[in-house]
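Hi there,

Here is the structure I promised to pass on. Please have a look, and my notes follow below.

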Amino acid sequence: MPLGDRAGDKSESRYCGVETEFDDDVPQLLISNLSSGGFDFVVAPLMNPSYRPSLVQKENGCSAVLPFAGSDLILSPAQWSSHVVGKISSWIDLDSEDEILRIDSETTLKQEIAWASHLSLQACLLPAPKGTSYANYARCVHQILQGLNNMQLWLRIPLVKVDDDSTDAKSEHLVDSWDLWNSFRLLCEHHSQLSVALDILSTLPSPNSLGRWFGESVRAALISTDCFLTNSRGYPCLSKRHQKLITGFFNHSIQVVLSGKALHNVSRGGTDSPTGLNKSPSDGVQSHPLRCYLDYVAFLYQRMDPLPEQERIELGYRDFLQAPLQPLMDNLESQTYETFEKDAVKYIQYQRAIAKALKDRVPDDKASSVTTVLMVVGAGRGPLVRAALQAAEETDRKLKVYAVEKNPNAVVTLNCLVRMEGWEKIVTIISCDMRSWEASEKADILVSELLGSFGDNELSPECLDGAQRFLKEDGISIPSSYTSFLQPITASKLYNDVKAHKDVVHFETAYVVKLHNVARLSPPQPVFTFTHPNKILEGSNERYKKLVFEIPNDTGAAIIHGFGGYFDATLYGDVHLGTEPSTATPNMFSWFAIFFPLRTPICVRPGSSVQVHFWRCCNPSKVWYEWCVTSPSQSPLHNVNGRSYWVGL
């Protein structure tokens, strides 16, 4: 049964597994660990651990029956798929100098994976590489992956980190866990069906080092009973750092698997739980030796806050690649307008900015005699018009509004809104592209929501520069400025999703993404800033920026799969709007981040610098970005001449 009910959470992290020994009575194994123990699945060996192919005698030239844990008929296909993760024999050593052991290991690995695939298991747990040489192991796994169905292979990786000044850094027991994983997956060519199962130990690396893993394809975390401390009541508990790590796993859909033997002498007959919560006897409390550990993990899950409403709405967009909108080229659909219009936070900020601008523009003693001309360029279906009129009512200022919109479909809705609200004497609708409209009078305030996920990527600079001709010399633009930001990220899932297209075009496309399973390797840095009104209209909106990111010393080695892009906008005065993580507007969902992928991931070492070059390029028909990395290694120049991703003028 799930660890608990957490509003909005439907992820696999609700389910907890247990690592077991070999048992040829699989149905009984499930009864004792699932029905009685309360776990959701078992990680169980499929093959008798005493089996060695070299010791099996062939009879009449035929292969012997393999000693698997029973027939496929002992469980239904649904039970095999949902309740069993296969555990590949831990004795295998495919890089052993003992040729017999190596050949036995290769044979057994392929036999067990073939059996697991036959059973339609969702995943198999591969043993951790032994020592520092694992090229043959990775070669065999890569070979298996080429013909594998949808089953995932979880590579067991002990979560250790070697200090840079360790004198025994070459010891096989002190291989950095991330380096081990990175080398292995490189040999497997970043195959999307190869994932990580982290072995959590009693001591943990630094927080920055741990953070790297949230951008990797981690599917499970195996927590040994050795990790648990003992509380004042004699029950198992975890250190604060372990608790935080486990909560992070829950938030990133990583399943917890308990392993090891019970080390706490807790009475199995009582109804007291390690968290002080009483369970009913029918719940099978303490009937399993690891039940008190499971109850503690469930307690950590249940005390998490429910997912906020905004995050529940965004769940389906997490780490999902979307092409950015091109509203200048394409007319938005009704559903798109509706989604954006639900973002109350954004329009509250706009209303605040307009109210401040109105008060600065018209003093209190002239409020009843002066009418402010306000133009909404890109009015859509009217949310900014409504925000402007509410700001005028709030400040007791008189207002005349021009609503300029090029989409004829949105204009229909806008007309209906004006009539329904009785705004005919205040609002004039202009069905025209702002760049070609000739205004009959100039505006005091120009309002727009042309910002994209990277600030300027929906051509706000070009549009507002064109519209500036009908703004008074001392007029106010809302927004008044905006800055794009960039940061290097590990994003294994996003990289694999782009790679799945098997072409260069998709690696030269910028994607709108709700970033979730990512590791942010260095703080964001500003890239391009645009200010409105633009005092130098003759200048070009082309830009170039060189950025240098520092990788913290305690992060450990990491992979850069691409760059997360954000923006921060000043609407007016001290009213801001944006997605840059350190200053992001809370509970706003109109914009996700933008992701600029790299064709080849860049490996960075702790304390190193990453040098990135970024261009905003323009010609009479389009605007596009180009990007590359020149240090610590050279990447190709992406999207030369806008051959893949660009926005049409």
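A definition first: axes here are lines fitted to C-alpha atoms, for helices over the stretch in contact, and angles run from 0 to 180 degrees between N-to-C directions. Please keep in mind that this is a predicted model, where local features need pLDDT of at least 70, side-chain atom pairs count only at pLDDT 80 or more, and totals for chains, interfaces and linings use all residues. Residues are numbered from 1 along each chain as its sequence is written, and side-chain values use heavy atoms, with hydrogens and water left out.

Now the helix pair. Helix 3 (residues 99-118) packs against helix 4 (residues 135-146) at an angle of about 25°, and their axes lie 11 Å apart. Helices are DSSP runs of H or I with at least four residues, strands are runs of E with at least two, and both are numbered from the N terminus. The two helices are therefore roughly parallel to each other (angles under 35 degrees count as such).

Which residues meet? From helix 3 they are Arg102, Glu106, Leu109, Lys110 and Ile113, and from helix 4 Asn136, Tyr137, Arg139, Cys140, Val141, Gln143 and Ile144 (contact means heavy atoms within 4.5 Å).

As for the chain, it has 15 helices and 26 strands, and its C-alpha atoms fill a box of roughly 100 × 55 × 50 Å along the principal axes. Of its 649 residues, 55% count as buried (under 20% relative accessible area, with a 1.4 Å probe and protein chains only). Among contacts with a separation of 6 or more, 78% come from residues 24 or more positions apart.

Best wishes

Conventions. Angles under 35 degrees count as roughly parallel, over 145 as roughly antiparallel, 65 to 115 as roughly perpendicular and the rest as oblique. Buried means under 20% relative accessible area, exposed over 50%, partly exposed in between (1.4 Å probe, protein chains only).
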